[in-house]
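User: I would like a close look at a single helix of this model, with its geometry, its packing and its surroundings described carefully and with every criterion spelled out.

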Amino acid sequence: MIPDALTQSQFDTVYNLLSLVIAAQLFTALFLVLALQRVLPRYRQAIIIAAVVCGIAAYHYFRIFDSFKEAFVTDAVGGRGLYTQADGASFNEGYRYVDWLLTVPLLLVELIAVLALARKIQTALLWKLVPAATLMILLGYPGEVSSTDGTRILWGVLSTIPFLYILYVLFVELTKSLDRQPERVRVLISRLRLLLLASWIVYPLAYALPLLGISGADAWVLKQGGYSIADIAAKALYALIIYRIAKLKSYADDPAFAAIEDHHDHASAGEQASQRKQRTERG
């Protein structure tokens, strides 16, 4: 339930968290686009998808941010006081679910894409993961907007079924396909799956707050904070790990490409050191 009023500190907390997510998603997407040439062409699809995911998230957080500012207003001079719900306006939680409906399946697609598995294995995994992810989000929304515990529990349980199936595919079936991956890539995949699990666990915990008897403005702020931090981890941080995997696989596939990239990195580091030395001498 959306609270009727927020204190100044509660309003500032949500305001700043939403701003943080926008910055994280937007500039991660920008970095991925600029770094696209730093991996081999066969892995660029995964990087493009990761950038699209962060771009979609940034767009929806702009909408969430605007919705939040319109929903809570204050008459206090200088904007320092109690923020109450504005007449004719409300905070639209649906933006999050539209975002998740688009981005959660794509998160799984970018993971499969960066591994560059055999087409038959890749197709089989995607047919399992993408429908399950879509179903998980669709089943969660009716419970999110419900005001009754019974309805919330029902849709929460239904949404958990595809969630558990996704974890089974990621941690059991996908593991069978990792034997030919470089060792460092296998380590990163393990960390990536754990990151996905840890960040995704935040969503059902935030979803369950009303069922635990935790309500009111503090609980709502806690939920918005949990969703925001989880989105940074599950999209921006996840995308950077995908980029790292793509780079490692590019190096393993093509030693000549790796040599060129290493030379570029060393040249950039040398240039930065030279610039620091010049600044020191001028100082």
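Analyst: Helix α7 bends by about 30° at Tyr238, where the bend at a residue is the angle between axes fitted to the seven residues ending there and the seven starting there. The model is a predicted one, in which local features need pLDDT of at least 70 and side-chain atom pairs count only at pLDDT 80 or more, while totals for chains, interfaces and linings use all residues. Residues are numbered from 1 along each chain as its sequence is written, and side-chain values use heavy atoms, with hydrogens and water left out.

The 38 residues of α7 should span 56 Å at 1.5 Å a residue, and its end C-alpha atoms are 54 Å apart, which agrees; the expected span of a helix is 1.5 Å times one less than its number of residues. Of these 38 residues, 29 are buried, so α7 is largely enclosed by the rest of the structure. Here buried means under 20% relative accessible area, exposed means over 50%, and partly exposed lies in between, with a 1.4 Å probe and protein chains only.

As for its packing, α7 (residues 216–253) meets α1 at an angle of about 10°, with the axes 10 Å apart. Such axes are lines fitted to C-alpha atoms, for helices over the stretch in contact, and the angles run from 0 to 180 degrees between N-to-C directions. The helices α1 and α7 are therefore roughly parallel to each other, given that angles under 35 degrees count as roughly parallel, over 145 as roughly antiparallel, 65 to 115 as roughly perpendicular and the rest as oblique. By class, the contact of α1 with α7 has 17 nonpolar, seven polar and three charged residues, where Ala, Val, Leu, Ile, Met, Phe, Trp, Tyr, Cys and Pro count as nonpolar, Asp, Glu, Lys and Arg as charged, and the others, Gly among them, as polar.

The partner α1 (residues 8–34) also packs against α2 (residues 41–71), at an angle of about 155° and with the axes 8 Å apart, and these two helices are therefore roughly antiparallel to each other. Their contact comprises 21 nonpolar, four polar and one charged residues. Within α1 sits Thr13, which counts as partly exposed at 36% relative accessibility; its C-alpha atom is separated by 27 Å from that of Val52, 39 residues apart along the chain.

Another bent helix is α3, with a kink of about 30° centred on Trp100. Helix α3 (residues 94–115) has 22 residues and reaches 33 Å from its first C-alpha to its last, close to the 32 Å expected, and 18 of its 22 residues are buried, so α3 is largely enclosed by the rest of the structure. Just after α3, Ala116 takes a positive phi of about 50° although it is not a glycine. Most residues other than glycine have a negative phi. Ala116 lies in the loop between α3 and α4 (119–144), and its relative accessible area of 38% makes it partly exposed.

Buried residues make up 48% of the 283 residues in the chain, and the C-alpha trace spans about 65 × 60 × 25 Å along its principal axes.

Definitions and conventions: Helices (H or I, at least four residues) and strands (E, at least two) are DSSP runs, numbered from the N terminus.
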